[in-house]
Amino acid sequence: MCKECGCGETNGNTRLQFNAKGYTEASAKDVEKSLLGLPGVLYVHIHAHDGETTIDYNPAKTKLMDILGVFGKYEVEASL
Amino acid sequence: MHEMAIAEGILKIALDYGEKNHAKRIGEIGLLIGEMSGVEIDALEFSFRMLAEGTIAEGTKLSVKRVPLVGRCGKCGKEFHIEHYDFWCPECKDGVLTLLSGREMQVEYLEVD
Amino acid sequence: MEIQVMKNILGENDRIAAENQAMFRDKGVYVINLMGSPGAGKTSVLEKTMERLKGELRMAVIEGDLFTSKDAERIEKYDVPVIQINTSGGCHLDAAMVQKVAGKMELGDLDLLIVENVGNLVCPAEFAVGEDAKGVVLSITEGDDKPLKYPLVFKESSIALLNKVDILPYCNFDMKSAKADILALHPGMKVVEVSCTTGQGIDEWCNWLKDRVAEKRRG
C-alpha cells in the first residue's frame, strides 16, 4: 500500500525474519535470486555469515509453502 | 482470464459466511452477475470447482442470475438493452444512456447445512 | 438454511477494470498501460511509437497527468486520437477514470490503445485499468538500483524499456547488473534497451506491440 496517499491494497505485505543454517556464499546468492523470482516476493535480504534472512512478500500472491520450498531446494534449514 | 480472480473472491466470501454460521457444507451459492462484467459463466464454474476442492464449498452449486445491461436515455427517457458497449441512445442524436442495471457482481445468498 | 449475503465479489477498482477488459475484448482493442517515473521518457517513447506504427496499426492514446495537457498536445501532432485525463492531484489512473474516457472513443476502429499513466513508479502498479498488459519505462539516468527498490512495477509489467541508452557513457548505470536484477524479480521478462534520440530499440518495441495486437486478434 502507498503509505503517502493511502492507495493500494489495505491488507498489506508480510515481513518474515528467518534464522537459516546451511548457506554458502554462492548458495546465499542463489536463494536470494530464487526467492525474489517468486511472484509475491518484493524484498529479500540474506546475511550469509549468520543466516539472518528477511523477506517481504504478499501472501495473496505467494504462499509460505513456496518460500519454504526454495529453502528446501538449496538444502537450507530455516526457522522463524 | 479474470474468472479465476472472481472465483477466488466468491470462495472467500462463501467460506467467511459459512464459518460465521457454523456451516458443515455449502449446498448452493446464489450470484448476481451483470452483463457488463463480461464474465464467462463456464470458465467461472470451472475455476470455482478447482478452488473449492477440499473446502466446505466442494461440490457446491453456483446459481447465477444474469442481469442484463440496460440504460435509460437522458434525452428521450426510453430504456434500451445496451449492445456491444455502445452507450449512445439508438434513437436520439447525442443522447447518452445512464446505466440502470448490468454492473452487479455479488454473492447474493448461500444455502448451507 | 439460507443466508443472505449481498456482498460485492471484487474490490471496486477491480470490478470496473473487469468491465473495461470485457469492453476492450468486445471491441477487439489491445490495451497497454505504460508506467514509469516522471521524466523516464514515456511520452517520448510514445511519440516514436506513433511515428513508427502510423499506417500499420490504428492507434489511440489516453494520457494521465495531475495537471496540464502537455502530453496530449505532443501526441496530437501525430494525428492520433488522444484524450487527456487530469487527476488534479491523484497519483495514478484508476479503472473508473479510464472507463469514463474510453466510452468517448471509437474503440471499434482501433487496434491498439496505449494508456500513459501518471509519472510514478509506486502506485500505478497496484491499479488495473482493464489493460491486456503493463509496460514500464526506466531511464538509465535514474540509476541501476531502481528495479530492486520498486519491485512491484517490474513484476507486474510484461515489458521493460531501458531508455536513454545513448548517454550510457556519461552515466554510472551498470546495465548488466540492472538487467540481472530485473530478471531476478521477473524471470523471463522482456527487456529492451531504447533511445528516443537515436531510435535504438524502437523497432523491437513496436514489433512486440504488433505481435501482441495480432495475438489478441487471433485469440
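Q: What should I know about the model and its numbering?
A: The model is predicted, so local features need pLDDT of at least 70 and side-chain atom pairs count only at pLDDT 80 or more, while totals for chains, interfaces and linings use all residues. Residues are numbered from 1 along each chain as its sequence is written, chains are lettered from A and ligands numbered from 1 in the order in which they are written, and side-chain values use heavy atoms, with hydrogens and water left out.

Q: How many residues of chain B are in contact with chain C, and how much area do the two chains bury?
A: Contact means heavy atoms within 4.5 Å, and 27 residues of chain B are in contact with 21 residues of chain C. Buried area is the accessible area (1.4 Å probe) that two parts lose on being put together, summed over both; for chain B and chain C this comes to about 2500 Å², with 58% of it on carbon and sulfur atoms. On the side of chain B, the residues that lose the most area to chain C are B:Tyr85, B:Arg103 and B:Met105, together 23% of what that side buries.

Q: Which polar links are found across the interface of chain B and chain C?
A: A salt bridge is a side-chain nitrogen of Lys or Arg within 4 Å of a carboxyl oxygen of Asp or Glu, and the rule finds one across this interface. C:Glu19 forms a salt bridge with B:Arg103, the closest N and O atoms lying 2.5 Å apart.
A polar contact is a pair of N or O atoms within 3.5 Å; within protein, one must be able to donate a hydrogen and the other to accept it, and residues adjacent in sequence count only if both atoms are side-chain atoms. Across the interface of chain B and chain C, 14 residue pairs are in polar contact, both residues being at pLDDT 80 or more.

Q: Which element gives the most residues to the side of chain B that touches chain C?
A: Helices (H or I, at least four residues) and strands (E, at least two) are DSSP runs, numbered from the N terminus. The elements that give two or more residues to this side are helix H1 (3–20), strand S1 (26–34) and strand S6 (105–112) of chain B, and S6(B) gives the most, with eight residues.

Q: How many bridges join S6(B) to strand S1 of chain C?
A: Two strands pair if DSSP finds at least two bridges between them. Five bridges join S6(B) to strand S1 (residues 2–8) of chain C, and the two strands run antiparallel; in S1(C), C:Asn8 is the bridge partner of B:Gln106.

Q: Where does the salt bridge between C:Arg74 and C:Glu47 sit in the chain?
A: C:Arg74 and C:Glu47 form a salt bridge with the closest N and O atoms 2.9 Å apart. The pair links distant parts of the chain, 27 residues apart, with C:Arg74 in helix H3 of chain C and C:Glu47 in helix H2 (residues 42–53) of chain C. Buried means under 20% relative accessible area, exposed over 50%, and partly exposed in between (1.4 Å probe, protein chains only); C:Glu47 is buried, at 16%, whereas C:Arg74 is partly exposed, at 27%.

Q: Where does B:His22 lie, and is B:His22 buried or exposed?
A: B:His22 lies in the loop between H1 and S1 of chain B and is exposed, at 69% relative accessibility. B:His22 has a positive phi of about 50° although it is not a glycine.
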